[in-house]
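Hi,

Here's the structure I said I'd pass on.

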Amino acid sequence: MGSGCCFRSPCNSRMVSLPVIVRAQAILQKEMVREVLAELISTYVMMVFGLGSVAHMVLGDNLGSYLGVNLGFGFGVTMGVHIAGKISGAHMNAAVTFTNCALGRLPWKKFPVYVLGQFLGSFLAAATIYGLFYTAIFDYSGGQLTVTGPTATANIFATYLPDHMTLWRGFLDEVLLTGLLQLCLFAITDPRNNPAQQGTQAVVIGLLVVIIGVSLGMNSGYAINPSRDLPPRFFTFIAGWGVQVFRAQDWWWVPVVAPPLGAYLGGIIYLVFIGSTIPQEPQILENPMEYEDRKIHALPTTTPPQMGTSSLTPVSESRVKRSSVRPVIPLSDSIHTEQF
């Protein structure tokens with residue numbers, strides 16, 4: 001009796017688990033689900049590498065550096081592109097997603113899906129870095145979680161303005177940097193221009209982030225991404241740093257508002273002044289000689305030839321060949337204007 005009960009239990013559990021697995025697989029095959037997971041995981045990887053490099057610079061004395069921070073975020077972006085590039089495009093940036101939607105490259109219905117994945121991935125990355133560096137954070141700050149001052153640790157997770165910057169100068173800085181980011185992203189991925197070679201886009205985009213950081217990142221910390229700044233800031237709010245993370249210099253809203261504006265302007269500048277002026281190359285025949293008029297001779301038939309005519313009759317194939325040739329578009333009429 002007891003053995004029979006034990007024998008039925010695995011069967012029942014197997015019967016229950018199989019439909020659950022099938023249902024889960026069906027859910028994971030849905031496009032929206034795959035895209036939100038791709039954005040979540042790619043953003044998580046980018047942020048873990050990036051925030052971890054900041055933690056080394058703040059907490060590790062000589063173990064970290066500002067160059068290390070730029071390399072951490074840059075190559076974190078590279079890994080994120082490898083993870084999600086073929087699934088969602090690996091935006092990892094709400095400003096990039098907003099621009100693609102505003103310019104008609106992505107349906108607006110996908111905007112909340114992408115941003116949800118990015119925010120969740122960024123929040124989880126902040127929680128991961130907090131757990132990994134928990135003892136170092138408290139040792140460095142003397143047990144006090146502070147936002148400003150010589151032992152501030154909130155800047156591990158989000159950006160804060162230095163003393164020499166004003167709020168609106170920081171706003172313009174974020175607009176400019178994100179505009180440069182989006183303009184260069186369009187150039188790197190534009191197949192009609194001079195894009196990065198197939199397979200190198202991830203590295204080139206990562207180097208772009210490094211270049212922005214080492215050349216222009218000092219003033220505002222180059223957030224250039226609402227998904228990079230707001231979720232970790234919210235994490236510090238609930239993890240013990242308190243409401244001061246939103247009150248310090250009233251800066252918190254700038255990395256949320258300025259990057260989408262800058263990315264949109266950068267995208268428009270590229271499309272209007274670069275993308276719309278790229279001429280479409282005229283169609284070039286691979287072997288023009290193949291389409292020249294040629295004559296072949298038919299073999300004589302079994303019937304006797306008529307008087308006054310040759311037994312070999314020239315037959316032209318030019319009509320057959322010409323029917324398969326597509327007309328070449330004149331260069332003057334081949335300018336393509338991208339709609340946005």
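Let me begin with a helix pair: the axes of H4 (residues 94–102) and H5 (residues 111–132) come within 10 Å and cross at roughly 170°. With an angle over 145° counting as roughly antiparallel, that makes H4 roughly antiparallel to H5. On the H4 side, the contact is made by Ala94, Thr97, Phe98 and Cys101, and H5 brings Phe111, Tyr114, Val115, Gln118 and Phe119. Sorted by type, the residues of this contact are seven nonpolar, two polar and no charged.

Keep in mind that this is a predicted model. The protein averages a pLDDT of 85, and 77% of the residues score at least 70. Residues 291–340 are another matter: pLDDT stays under 50 there, and the model has 50 contacts beyond four places in sequence for that stretch.

Now the inside. The largest nonpolar core has 46 residues, and Phe73, Ile129, Ile137, Ile156, Phe157 and Trp241 touch the most other members. At least two residues each come from H2 (31–59), H3 (66–84), H5, H7 (167–189), H8 (201–216) and H9 (226–241). H2 gives the largest share of this core, nine residues.

Leaving aside neighbours within four places in sequence, Ile137 is in contact with Leu59, Tyr130, Leu145, Thr153, Ile156, Phe157 and Trp241.

Cheers

How values were computed. Residues numbered from 1 in each chain as written. Predicted model: local features only at pLDDT ≥ 70, side-chain atom pairs only at ≥ 80, totals over all residues. Heavy atoms only, no water. Axes fitted to C-alpha atoms, helices over the stretch in contact; angles between N-to-C directions. Helix = DSSP H or I, 4+ residues; strand = E, 2+ residues; numbered from the N terminus. Parallel < 35°, antiparallel > 145°, perpendicular 65-115°, else oblique. Contact = heavy atoms within 4.5 Å. Nonpolar A, V, L, I, M, F, W, Y, C, P; charged D, E, K, R; others polar. Core = buried A, V, L, I, M, F, W, Y, C linked by side-chain atoms within 4.5 Å. Buried < 20%, exposed > 50% of the residue type's maximum accessible area, 1.4 Å probe, protein only. pLDDT = per-residue confidence, 0-100.
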